[in-house]
Structures are given as structure tokens and as C-alpha cells.
Number of protein chains: 2
Amino acid sequence: MKLYEKVAQTISERIEQSFYQAGEKLPSIRALSLAHEVSISTAQEAYRLLEDQGWAESRPKSGFYVMNRQKAPQQLPDISRPTQKPVDVSQWEEVLNLLSASTTPNLVQLSRAIPDLSAPTLKPLTRIMSDLNKNAQGSMLSYEDLRGARSLRLQIARLMVDSGCRLHPDDIITTAGCQEALSTSLRAITELGDIVAVDSPSFYGSMQAIKAHGLKALEIPTHPETGISIEALELALEQWPIKAIQITPTCNNPLGYTMPIAHKKRLLELTARYDIPIIEDDIYGDLSYISPRPPSIKSFDTEGRVLLCSSFSKTLAPGLRIGWVAPGRYGNQVMHMKYVVTASTPTLPQLGIAEFIAQGGYERHIRKMRAQYHQSRDVMIGWIEKYFPQGTKISYPQGGFLLWVELPDEIDTSTLNELTMTQGVSIAPGVLFSASGKYRNCMRLNFTDRPSERNENAVKLVARCIREMVSKL
Amino acid sequence: MKLYEKVAQTISERIEQSFYQAGEKLPSIRALSLAHEVSISTAQEAYRLLEDQGWAESRPKSGFYVMNRQKAPQQLPDISRPTQKPVDVSQWEEVLNLLSASTTPNLVQLSRAIPDLSAPTLKPLTRIMSDLNKNAQGSMLSYEDLRGARSLRLQIARLMVDSGCRLHPDDIITTAGCQEALSTSLRAITELGDIVAVDSPSFYGSMQAIKAHGLKALEIPTHPETGISIEALELALEQWPIKAIQITPTCNNPLGYTMPIAHKKRLLELTARYDIPIIEDDIYGDLSYISPRPPSIKSFDTEGRVLLCSSFSKTLAPGLRIGWVAPGRYGNQVMHMKYVVTASTPTLPQLGIAEFIAQGGYERHIRKMRAQYHQSRDVMIGWIEKYFPQGTKISYPQGGFLLWVELPDEIDTSTLNELTMTQGVSIAPGVLFSASGKYRNCMRLNFTDRPSERNENAVKLVARCIREMVSKL
């Protein structure tokens, strides 16, 4: 442990033990440096880490304060109990509804998974792209290398060191967002009719890919804090000819959990035993509230068994449509599929993002956003516990900007969404996250925006609609 | 016929009848206006049309001159004789080689199908994108509507009027280049193992999609001037359970022909009789040397049978990765496939192109490029006839910037390409354009660049390599 990490740990332990109370001012950098006999810069580093970890927040021209930390929600959702056999994925109409709602003006979209795009730390990226566009005289207009711009692949390889991966830029293929990464990976390793095991609830985009590719989904019980049940998966592997596993183990969508490292390793060992690949969706991984971010399953993989899929859609901006896949031993198949699907990834945003990362803009932005989402999570959980009916269960996200809410069994969240939509608020009905129409009493909400009255009112409105529905039961 | 069209016709007839010789100065605008008793602006319009049609060229500060028109090549390629049964598409390694070569520095790439990106008429597009990026404060960063930006779909619908199509913006889905349009269309209308009939030679990108999707290609004999043989296709339809037809009927890649209107109509009638869809690749359609451009098959389709695929990759720039599909009655399936494959099309280039078209930039650029490619075609054919061995057969493109060369049977163009590559020139071996390894003595060359000594030397070099190979036979 480095010196500044030690100092930071001391402070965080004192906060945990309530020596410092929420909202209280912490020692100044100078005071900290004197008290711990460390340099000013070490004290600064310690506070930076405490900010990253969500223990402290800095207030301009004032100093550091203890973050108003929310305790874990009173009631977490239960471990999921999906249909325990392979099914054809349904719910496309519901997904289409969700996506189409985004064009409704003035809607408070608690439904979508779009990051905060108003952050000032994104500004340098648009400036870089604007300059590149103006100055590069046509080179932005041509195709890039089939694998993607080398400068970007180099930067991605560097970023991935944070998740424990040591990759060569040529181990990476850039894609049109994470969706292309997931979809081409899936196609590359399966054949028509194959069974794919998924965590459950699971991201609807990857489940729709399972549907579109003529595969079957086998939903595995999933714990709201530790992720896919290894025991249940093992039973399923014994029972069914599963061809691949597709999961989001770090800052899960929609539950927000991060699988413990030991679970990740056990999962990898299990797939090695059955010799099947894992599609690991790591799109929210860099938004973990814990710094340094948790390792990916890919980082433990010495056999090229894991196809890691990610993108800049949640960390930077989805409209850029830049993602990537590190396909391990399946590189040739993924490359062929990528070529036939889109031929090449857009040039300008690739070079723009590469430059943004190289200049340190990515790291700065991510640090800000992690802290913002961490804080918004606590506020959001607070609002839900305050306004929603007793017995509401809430997941406890460890990163990202999404959480999962479980309501009484009688409430159908698709109906709820129809109700809230007429009053300008959208939620993501739970049924979207099941291949087989489960989770009708659940929903996913985002907390991307900085807490505001507008958003608090949106949560109140959802609560009011729930009560209205309950009263009619 | 409008007045200026009449005036232009008179002049073009005089050129045809050799009243005006190649390279000769034509009457000034003022003289033309006096001679035909029309206004100055009508005379200007007439010259603009003559330029568009490739009869005249303007030289700055001098006036208009008769274009140095090339007669059709002395020998056209024969009608193709592909394998007349469904085959699994091969040649992925060869495609990968071709694509990888593009990163070799200082290579004269006669192989690729990339338009001239140095044209000054493209500058306003990069300026518009740069401004949008700078001023739009984040709205460039978000997802667009699943169908694509409405402003762009509106402009595409307007452009498509030129090819005879009357579509609503909601009949159009934007895609990540034409490749996504082709690939999603193919997936939307076929199932594993289905047979797809294709023109032959045919674009390798769409054939690789056939391969990747587990389909079989049935190559139909194709005439170098009129396209796919309707008679051969009819026989094939009787013999095989063909599920779809995929062709590039206007400014074909690689041959350059445009199917006559009567053939397009007959083809459509034939598919109606067998009730199968057509995937029409129109990517080069707007680059026809004839103005107004020829109608698409889609324009005659009243049943929603044609999925028209296109993009701005050949007319503007491939690095933007913006294409579209007008999927007719298959809209739902294509939309689902588009969603699972890339989720959404990049925002900035969509809005940039929409604005560029709205400002008139697209029309200006296309007019310039048509004239340039028309002229380059004639120069290119001249070089090939001058330098290549006797008996070389050359296609006679009616649009676009690609032509097809047939060498003596003994010459393997893959070997030829290896030879020319060591000396800094790439060609596209004919085998790429066959599902079954045919056309080994053929190649595709582009003539995107303005004629230059560098390119003439490249053609000479290819010719020298051919002679070297012949001498070793």
C-alpha cells in the first residue's frame, strides 16, 4: 500500500467509525500533512483518493467534507428465480417502445441508460473532434484499418490495464458501440439454435441479439449483490448443452452489483471445465465507485476464453458509437463478422477519443463522473425509500448509474410506465430484462443527472402512480 | 424538354457529328445565347448540362472545350460463366489481404473503391461538422432515433426522388454504411442455409455477408453491358429454391454497367412471379454519368419487394460510415436486426450530411465528381488500351469509378497483385468477386484520382508485370 493510500484509509476508517460525521469538515491538506507527517502532495493524493472512493467531497474555496453517505437500502431485491429452461427471447415490442419514447420532448427519462452529457469535462473531447475535423484535410473521411484506428487501440489497451488486462493493441477490434461488440461476439461463437446462459435480469440489448441470431437464452438465478449464481450455473451446465455465457459482472446492468473477485475466478474455472467461452460485457466497469476499478474476468483468463466487450457509450457519449471487443482466441471469427456487419468503424470519433485519452481528459472525466454517480445513487436511494411504498426493495449499485427496484408482486411496471408517461416520466419496465416475461413487478431507474428538484419530483410522481395502482387493487 | 436542354442537345449532336472536334473551343456563353436567342442564364444552364453529361469541360478563364471523349473499349469482357449451382462463399483470406494492404504507406491503390476525398467541394461538409460539434453542446453526443436522424432521412427521401422513388422519411432507416444496410437486409429476409442469387462478378462485401450468415450464393451469368441475365436467372429460379436476389444494377461494382430500364422491370416482374425479395445495392447510383441518373429497381416496386441499400461512402466519404436502407415490407425485421447489430447510427455525421445536402453542397459535389470520374474513365481506358497486352478486355462503366479488366486466361491476377505490390501498386484480383474462385484472370481497377503521371506510371507498371508473367508462361 502506498503512503497516500494509507493516509486515506485512516481517514475513511474514522468516517466509518463516525469520528467524522456526514457533512462535517475534514482536516485541511496542510493539517493532514502535519498530522500524518507526509508531504503536501501526499495529503492531496490522499484526498483525491477519498473523493474517488466517495468518502469525501471538495467544496470550492472551502475544503473537504465528509460525503453524505447513504447506508445500503433497507431491503435488497431477492435472488432472481427465472424460468429454468432455455427459451426464445421475447419482448422486442417492449424494447422498441422504450427506445421510441426517447423522442418525446421534455420527458424525464428515468428509463434510459444514457450518461450525463452536460459534464464540462467532456468539452475538451468535442473541441478535439472539431479541430481534427477542420485540420485533418480529408484523412478523417477515409476508412480506418479494419481492426480500428491504431492510436485508439493503443489507448484502449492502456486503459484496460486498470482492469488487470495486459493486451496488445492488435488484441483489440474497435466496433460501432458495445452493441456491435456483443452482437458480433455472439455470432462468432454460436450457431443457430444454440443455448446461451445469461445473468438474470439481463441487459435487453444483448438478449435481443440472442433472439435475432436464432439462439435460446437460459436465464440463471442471480444474486443482487454477488451476481450470477455459480451453483445454479453449474447445475445448468450439467443439464443443458450451453454454448456460451453472457454476463455483465462489473457494475451490472440493471442491478449495479459487482461480482466478487472470487466469484469471477470460480466462474472462469467452471467455463474452463466445460470448455465454453464467456462474453463479458464490461461497459460500466470504469464507472465503479471503488478506485482502482475491480478486475474484469478477462484479466484472469489465460486461455483466450473471454470475449470482453465494452464501449465509450457510458463513460463518454453514446452518439459517438465507439466500442471495442478483445475477442481472445476468437479473433478471426469476430473480425470476419465485424467486416460483414459494418465494414469499418467511424474514423473521426476514434481519433478524437484517442487524443482525448492521451491528453488525460478521459481519466479526469471518469474521476468526476464516478463521484457524481456515487453521490446521485445515495440521493436516489434516499428518495425511493422516502416516497415509495413500504416493502419496496432496491438494489445497491457499486458503480454506474442504474438501479433496480422491486415492487409488490401485484404491480405491473409496464402499466405503471404507461401511467407515468402520460405525466412526463418514463421508467424501464422489468419485463424488458427477462427473456421470458418475468420481473413484471420490477423496474430499472437511472440516476445520471445531478440530483435536482425536477428529478425528485419525477420520483415522487412514480411513487404517486404506484400508490394509485395499489389503491385500485 | 426544357429550353436549356434543347440547346445542350443541339451542341451534343454537333459534337457527335464531329462539327466540333475533341479539344476544340466551343462558343462562348454570350455567343451561344445570341445564336440560339436564349438568355445568358439559359446558355449557362446548357453548358452546365453539357459538363454533367461529359460533352464539355470548362477551363478557368478560357471557356468551354469539347471533352476528349474516349470511344467504348475495343473489346468488352465476355458474359460471365460462373458455377451454375449454389456454393459456400470462399475468399475471406483474399478480402482480408486486400483490406490490410490499405495501411501500406505510399501505395498507389488501384485496388480499393474509395472516392476522391481531396475534392474542394467536400470542404463545406467538414466545416459544417466542425461547427456542429463545437456549437451543439452535447446534442451530438447522444443517441439518435433508432431509425436515424429525421433531418437526414428527410434529405435522403428527397435525393431518392432523382432515382424515381417516392418515399416517406419513415420508410428509411440509416445505417453504419451500406455494409450494415446489406448485411441487416440479408439477415432479415433469409434463414440459415438459404440460397441467394447474385450477379457475377459481384461485390465481395455482400458475398462475405452471405458467407457469414450461413447462406449459399448462386452466381448468375452477367452481361458486361446489361447486367444479370434475366433468362439465366429464370432458369435458376425454376431449378433452385432461391430465397432472395442481391444485385448492384446501377453503375455496377465491379463492371460499371447500368441495367437498361426494361431489364430492371423484367427482373422485378420475375421476382414478383416467384414472390421473392430483391436487395438492390444502389451505392454508386448517384455517380451515373447520365443526368438525370437512371431509375432504381425500387422506383418500379409497388409491393415493397425491394430493399434498397445505399450510403454516402462513394458519393461523399466512407469514414463517415453513414448509409441507409429503404426496406419496403421488411421494415420491422430490418429494424430489429439494425438494433441488435449497432443499436444506433452515429449522430454527428448524420446531422452534418443532412445540413450539407440542405445547403446544396451534395448536389454541387456530385456534379463535380460525376464529371471528374467520367473524364478519368476515358483516360484510364486509354492507358489500359495503350499499355496492356493485345486482347485485354475492358468494361465500359456508365458511372462510378471502377472498371473490370479481363486478361488472357493464363494470367493469375492474385500472383500479379503480389508482383505489383512489391513495386508499390495494388490491384483487386478478380477472384475476390466470385463466390467460387472464378475470374482468376480478371481484376478491378479504380480511376478515382484525377489523371496524373503517378497513376499513369502505376498502370504502366501493372502492364509491365503482366508482360513479365506472359513471358514466363
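This is a short walk through the two chains of a predicted model, from how they are related down to a few contacts inside each.

I'll start with the pair. Chain A superposes on chain B by a rotation of 180° with a shift of 0.1 Å along the axis, and the RMSD is 0.3 Å. That is the relation of a two-fold axis. If you want to find the axis in the structure, look for A:Ser130: of the residues of chain A, its C-alpha comes closest to the rotation axis, at 2.1 Å.

Now the interface. On the chain A side, 48 residues are in contact with 47 residues of chain B. Which helices of chain A supply at least two residues each to that side? They are helix 4 (92-101), helix 5 (123-135), helix 7 (177-189), helix 8 (204-212), helix 11 (331-342) and helix 12 (347-358). Helix 11 of chain A gives the largest share, six residues. By class, the side of chain A that touches chain B has 25 nonpolar, 18 polar and five charged residues. As for whether the two chains use matching surfaces, 98% of the interface residues of chain A are also interface residues in chain B, so the copies meet through the same surface.

The axes of helix 5 and helix 12 of chain A come within 9 Å and cross at roughly 125°. That angle makes helix 5 of chain A oblique to helix 12 of chain A. The crossing of these two helices of chain A is right-handed. From helix 5 of chain A the contact takes A:Pro124, A:Leu125, A:Ile128, A:Met129, A:Leu132 and A:Asn133. Helix 12 of chain A answers with A:Leu348, A:Pro349, A:Leu351, A:Gly352, A:Glu355 and A:Phe356. Sorted by class, the contact has nine nonpolar, two polar and one charged residues.

Helix 13 (residues 361-387) and helix 15 (residues 453-472) of chain B pack at about 35°, with their axes 10 Å apart. The crossing of this pair in chain B is right-handed. On helix 13 of chain B the contact residues are B:Trp383, B:Ile384 and B:Tyr387, and they meet B:Glu456, B:Val459, B:Lys460 and B:Ala463 of helix 15 of chain B. That comes to five nonpolar, no polar and two charged residues.

Back to chain A for the strands. There is an open sheet of seven strands in chain A, in the order 4-12-11-10-9-5-6, and the pairing is mixed.

Last, a hairpin. Strand 1 (residues 56-59) and strand 2 (residues 63-66) of chain A run antiparallel, with four bridges between them. A:Ser58 stands opposite A:Phe64 of strand 2 of chain A. Three residues separate the two strands of chain A, and A:Lys61 in the turn has a positive phi of about 60°.

Notes:
Residues are numbered from 1 along each chain as its sequence is written. Chains are lettered from A and ligands numbered from 1 in the order in which they are written. This is a predicted model: local features need pLDDT of at least 70, side-chain atom pairs count only at pLDDT 80 or more; totals for chains, interfaces and linings use all residues. Two strands pair if DSSP finds at least two bridges between them. Axes are lines fitted to C-alpha atoms, for helices over the stretch in contact, and angles run from 0 to 180 degrees between N-to-C directions. A crossing is left-handed if the near helix is turned anticlockwise from the far one by less than a right angle, and right-handed if clockwise. Two residues are in contact if their C-beta atoms, placed from the backbone, lie within 7 Å. Ala, Val, Leu, Ile, Met, Phe, Trp, Tyr, Cys and Pro count as nonpolar, Asp, Glu, Lys and Arg as charged, and the others, Gly among them, as polar. Copies are superposed by least squares on the C-alpha atoms of residues with pLDDT of at least 70 in both. Angles under 35 degrees count as roughly parallel, over 145 as roughly antiparallel, 65 to 115 as roughly perpendicular and the rest as oblique.
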